[in-house]
Amino acid sequence: MTQPTGAPPAGFLAELKDAVTTRAALLVLGVLALQLAFIASYVGAFHDPEPSEIPLAVTAPAAPAAARSAQQLDALPGKPLDAHTVRNEAAARAQIGNREVDGALIIDPAGTTDRLLVASGGGASLSQALAEVVGRAERSQGRDLRITDVVPAAPGDARALSAFYLVIGWCVGGYLCAAILAISAGARPANSHRALIRLGVLLAYAVVAGLLGTVIAGPVLGALPGSTALWGLGTLVVFSVGAITLAFQGLAGVVGIGLAILVVVVFGNPSAGGAYAYPLLPPFWKAIGPALPPGAGTYAARSIAYFRGNDALGSFLVLAGWAVLGSVATVACAVFRRDRADAPRPEPAAAAEEHPGT
């Protein structure tokens with residue numbers, strides 16, 4: 001007996017196929033893969049931080065003593081330090097301020113206590129790791145070490161993590177704004193005009209988000225010294241992440257949101273140098289971090305807040321590159337899709353002549 005038309009499918013397997021389509025099953029598998037990648041990336045980056053080639057300046061009144069100490073520090077097992085000599089303490093402080101080194105050892109050959117200059121504004125975990133490594137080396141020589149923080153973090157910036165969390169917030173806003181713009185009227189823009197409108201709305205959102213984020217982190221909470229440059233950075237971070245998300249959606253539809261999360265959240269956040277600075281991260285995360293928006297944004301935010309913007313240009317160029325690439329790809333995908341939609345299709349009779357026997 002045949003099943004009446006319109007009746008629900010019989011049997012559990014039929015019900016399952018009707019409730020979970022093939023497309024939905026593939027998307028669920030994609031979410032599982034994204035989740036596992038998230039776990040692997042974060043645990044892989046943070047489970048065993050080890051210092052590697054931390055830039056360190058070394059100086060002493062006598063150049064031979066400084067050179068000898070630098071050579072000994074450079075030869076420590078595992079190469080935790082990358083030490084070199086500088087002329088005097090003023091030169092060492094200048095290199096720290098320019099973000100050329102993360103610390104400086106000032107040797108006092110007339111006594112038994114040396115000084116280590118650190119910059120906790122660049123990351124408390126890095127300063128602590130540097131103090132631990134140099135302190136251990138000093139003790140092995142029978143010497144004491146006194147720590148001086150020459151670029152301290154703001155009183156409300158515990159462990160100098162505010163810049164990292166500010167940038168992460170900007171990144172979240174960027175891809176969520178782009179995702180909403182796309183989902184509300186189709187992931188792929190119908191034409192180049194709509195793509196440009198979405199980019200324009202995203203830019204306006206980025207300007208507002210950059211300003212409000214700077215105000216909250218600075219004047220409202222007193223967590224991070226702010227400036228106009230920090231507002232500009234926030235605008236660029238939000239827009240670059242949003243543009244990447246729009247580009248991925250233009251290429252892959254709704255799946256593009258997952259691709260954006262993969263790049264920005266799964267790979268970008270743990271490699272950003274926030275909780276652990278680059279010299280403490282494993283090689284893979286250390287290599288990709290500066291090239292991704294969270295890492296570039298975090299480094300630039302700390303440079304602006306604590307180092308007078310020194311060495312921030314490279315990070316701004318990285319973010320600008322992502323913004324331009326995402327914008328161009330978004331418009332290009334829309335143009336290509338419109339060209340395909342406008343392409344003439346063969347008449348049925350012509351198609352039959354081209355494929356006789358079908």
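**Notes on the predicted model**

1. Contacts first (heavy atoms within 4.5 Å): of those in the protein chain between residues at least 6 apart in sequence, 73% join residues at least 24 apart. This is a predicted model, where local features need pLDDT of at least 70, side-chain atom pairs count only at pLDDT 80 or more, and totals for chains, interfaces and linings use all residues. Numbering starts from 1 along each chain as its sequence is written, and side-chain values use heavy atoms, with hydrogens and water left out.

2. Now the rings. Centres within 6.5 Å make a pair for Phe, Tyr and Trp (its six-membered ring), with planes under 30 degrees apart called stacked, over 60 edge-to-face and the rest tilted. That rule gives six aromatic pairs. Phe38 and Tyr42 are stacked because their ring centres are 4.3 Å apart and their planes are at 20°. Phe46 and Tyr276 make a tilted pair, at 5.8 Å centre to centre and 50° between the planes. This pair links distant parts of the chain, with Phe46 in helix H2 and Tyr276 in the loop between helix H9 (255–268) and helix H10 (283–288), 230 residues apart. Helices here are DSSP runs (H or I, at least four residues), numbered from the N terminus. Ring pairs join Phe38, Tyr42, Phe46 and Tyr276 into a cluster.

Notes: Helix = DSSP H or I, 4+ residues; strand = E, 2+ residues; numbered from the N terminus.
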